[in-house]
Amino acid sequence: MKKKKLVLFVLCVALICVLLSSLTACMKIGMRQENVVKKLTESGATIRYERNTPMTKDGQNDQKLGDLIYSTKTFTETVDGAESEVVRELYVIFAGNDSSADWAEKRCKDYVSQNVETLEGWQTYRYDRVILCGHYKLLAIARGY
């Protein structure tokens with residue numbers, strides 16, 4: 001009886017490990033550049049490739065950054081009982097190495113914290129070497145939920 005419980009426990013732990021590794025693999029595939037662009041364009045957002053961003057314009061030459069994507073989308077929101085159209089922004093930074101990703105993530109967090117009054121609803125998210133910085137509604141679309 002103890003052997004059955006031990007075998008069952010080992011099988012459950014192995015199954016959990018397999019499921020977690022497949023989840024991580026799915027997230028990594030989902031955060032590839034073509035998938036992020038596809039998610040944003042399918043939602044109606046515009047995509048534009050940029051040379052720099054407001055967060056990385058100083059010191060960017062010393063870092064290994066890949067493509068920088070600027071995305072915008074118009075949302076209809078109710079403010080004080082009146083509906084209005086609001087344009088939301090998102091910057092997606094693809095870093096070439098971990099140190100550049102660390103640098104870009106820090107710059108994005110600093111930029112958002114220094115401009116809290118004008119960047120309401122902005123967040124910074126990082127997965128591996130992909131940094132997303134922008135309004136939470138577009139960020140949620142790019143992340144895929």
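**Ground rules**

I am working on a predicted model, where local features need pLDDT of at least 70, side-chain atom pairs count only at pLDDT 80 or more, and totals for chains, interfaces and linings use all residues. Residues are numbered from 1 along each chain as its sequence is written, and side-chain values use heavy atoms, with hydrogens and water left out.

**Entry: the whole chain**

I found 4 helices and 5 strands in the protein chain. Reading from the N terminus, I get the order α-α-β-β-β-α-β-β-α. The elements are DSSP runs numbered from the N terminus: helices are H or I with at least four residues, and strands are E with at least two.

Next I checked the contacts, meaning heavy atoms within 4.5 Å. Taking those between residues at least 6 apart in sequence, 58% join residues at least 24 apart.

I also noted the accessible surface, which comes to about 9400 Å², with 55% of it belonging to carbon and sulfur atoms. The areas come from the Shrake-Rupley method with a 1.4 Å probe, and for residues only the protein chains shown count as cover.

**Entry: α2 and α4**

How do helix α2 and helix α4 pack, and at what angle? I read an angle of about 125° between α2 (residues 33-42) and α4 (residues 136-143), with their axes 8 Å apart. That makes α2 oblique to α4. The axes are lines fitted to C-alpha atoms, for helices over the stretch in contact, and angles run from 0 to 180 degrees between N-to-C directions. Under 35 degrees counts as roughly parallel, over 145 as roughly antiparallel, 65 to 115 as roughly perpendicular, and the rest as oblique.

The crossing of α2 and α4 is right-handed. In the contact I see Val36, Lys39 and Leu40 from α2, and Leu138, Ile141, Ala142 and Arg143 from α4.

I then asked which residues of α4 are buried, and got Leu138, Leu139, Ala140 and Ala142. Their cover includes α2, β2 (65-79), β3 (82-95), β4 (122-127) and β5 (130-135). Just after α4, Gly144 takes a positive phi of about 95°.

**Entry: Ser71**

Ser71 sits in strand β2 and is buried, with a relative accessible area of 0%. Its side chain reaches the backbone oxygen of Thr46 at 3.1 Å. Leaving out neighbours within four places in sequence, I listed its contacts as Leu40, Ala45, Thr46, Ile47, Arg88, Glu89, Leu90 and Leu138. Ser71 and Leu138 are 67 residues apart in sequence, but their C-alpha atoms are 8.2 Å apart.

**Entry: α3**

Is Ser100 buried or exposed? Ser100 is in helix α3 (residues 98-114), and it counts as buried because its relative accessibility is 1%.

With residues up to four places away set aside, Glu105 touches Thr124, Arg126 and Ile131.

I found His135 in strand β5, buried with a relative accessible area of 3%. Beyond four places in sequence, His135 is in contact with Arg88, Glu89, Glu120, Gly121 and Trp122.

Last, I looked at the loop between β4 and β5, where Asp128 is found. Asp128 is partly exposed, with a relative accessible area of 39%. Its phi is near 60°, a positive value in a residue other than glycine.

Note on methods
Buried < 20%, exposed > 50% of the residue type's maximum accessible area, 1.4 Å probe, protein only. Left-handed = near helix turned anticlockwise from the far one by under 90°. Polar contact = N/O pair within 3.5 Å; in protein donor to acceptor, adjacent residues only side chain to side chain.
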